[in-house]
Amino acid sequence: MIVLGIESSAHTLGVGVVENGRILANEKEMYQIGDSGILPAKAADLHAGNIGNVVSRALSNAKCTINELDAVGYTKGPGLGPCLRVGQLAAMTIAKENDVPLVPVNHAVAHIEVTRHFAKAKDPLVLYVSGGNSQVLGLVNSGFKHYHIYGETFDIGVGNMLDGFARAAKLNPAWGSSVEKLAVGGHYINMPYSVKGMDFTFTGLLTHSIKALNGNDKKDVAYSIQETAFAMLCEATERALLLNRKKDLLLSGGVAQSKRLSGMLDIMAKSHGVRFHVAQNQYNADNGAMIAVVAEKILRSGIVNHDYSIDQKYRIDSVEIGW
Ligand code: FE2
């Protein structure tokens with residue numbers, strides 16, 4: 001079975017091709033975030049202008065033609081409406097032209113499941129960290145098998161917090177990866193730390209860090225915001241890990257690209273005899289391959305969903321994991 005997946009929930013337009021669980025292609029184009037963050041209409045325009053090319057590149061890398069596709073997956077949500085719409089319409093068009101199934105995919109499920117796919121972990125605890133989301137999750141079977149949220153951010157995602165700090169500190173590009181680079185060799189200054197059980201908040205830390213840019217070395221502030229945020233995520237994850245007695249820990253989502261966060265979680269997991277897994281960076285960042293992988297799993301599991309809409313607030317705990 002050959003499946004094409006289209007991801008367009010935010011600033012990345014990604015197209016992936018998978019054949020029987022093997023990723024054949026993973027192509028993308030990215031909207032460059034300026035000082036004002038992502039402008040949804042502009043990002044959507046760029047995606048619309050690039051979709052033809054990115055699909056062609058993915059098919060060419062996968063060495064297959066559009067007629068050989070057995071299904072097309074797209075990101076239903078969560079995400080930015082105008083951006084989601086581009087992927088949805090492109091996927092609908094390709095599926096209709098080829099008379100093959102169209103498969104709506106939850107973006108968060110795709111991030112987690114592509115990591116679980118590589119890790120071959122049956123029942124992991126998951127820390128899912130991206131721009132808009134930060135959640136601690138695990139599979140439960142109450143009524144239907146789904147990802148239960150044990151803990152999550154009460155306000156903003158850790159990725160948006162780091163991006164917001166990067167913009168305030170005038171880093172270029174204004175992303176979390178620039179904060180991580182700048183933080184190397186920094187010294188700790190006191191920061192607000194906010195974990196409540198398995199939940200956490202980040203806006204207080206962001207506000208404090210932006211204020212701390214006045215009168216402190218930028219490097220020290222970058223180091224301190226990052227260490228504090230990641231320590232909070234580690235504490236909440238460790239609590240969930242011990243409560244649920246899982247044997248595998250997955251880190252997924254865009255912020256999983258952070259070597260520092262991976263390193264901290266790896267040490268914590270090992271101290272409890274738990275295996276730690278993180279995917280290669282191209283599968284942690286938003287990408288089309290993760291949509292293709294999950295679309296194929298959905299089709300093979302026999303779950304049929306004829307609701308081909310988009311849903312900007314599509315919750316992960318409403319999605320049945322039928323595999
Ligand atoms: Fe994402």
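Reply: Of the 46 residues in the largest nonpolar core, those that touch the most other members are Val 158, Met 161, Phe 202, Phe 230, Leu 233 and Leu 265. A nonpolar core here is a set of buried Ala, Val, Leu, Ile, Met, Phe, Trp, Tyr and Cys residues joined through side-chain atoms within 4.5 Å; buried means under 20% relative accessible area, exposed over 50%, and partly exposed in between, with a 1.4 Å probe and protein chains only. The model is predicted: local features need pLDDT of at least 70 and side-chain atom pairs count only at pLDDT 80 or more, whereas totals for chains, interfaces and linings use all residues. Residues are numbered from 1 along each chain as its sequence is written, and side-chain values use heavy atoms, with hydrogens and water left out.

At least two residues of this core come from each of β6 (125-129), α4 (158-168), α5 (176-183), α6 (203-212), α7 (218-244), β11 (248-252) and α8 (259-271). These elements are DSSP runs numbered from the N terminus, helices being H or I with at least four residues and strands E with at least two. Helix α7 provides the largest share, 11 residues. Beyond its neighbours within four places in sequence, Leu 233 is in contact (heavy atoms within 4.5 Å) with Leu 127, Val 129, Val 158, Phe 200, Phe 202 and Leu 261.

The strands β6 and β11 also belong to an open sheet of 5 strands, in the order β8-β7-β6-β11-β12 with mixed pairing; two strands pair if DSSP finds at least two bridges between them. At the edges stand β8 (144-152) and β12 (275-278), each with a single partner strand, so one side of each lacks a neighbour in the sheet. β6 and β11 pair in the parallel sense over 4 bridges, and Leu 125 stands opposite Leu 249 in β11.

Helix α7 lies across β6, β7, β8 and β11, at about 160° to β6. Axes are lines fitted to C-alpha atoms, for helices over the stretch in contact, and angles run from 0 to 180 degrees between N-to-C directions. Helix α3 (residues 107-119) lies across β6, β7 (134-142), β8, β11 and β12, at about 130° to β11.

The loop between α7 and β11 holds Lys 246, which is buried, with a relative accessible area of 8%. Among the residues in contact with Lys 246 are Pro 124, Leu 139 and Val 274.
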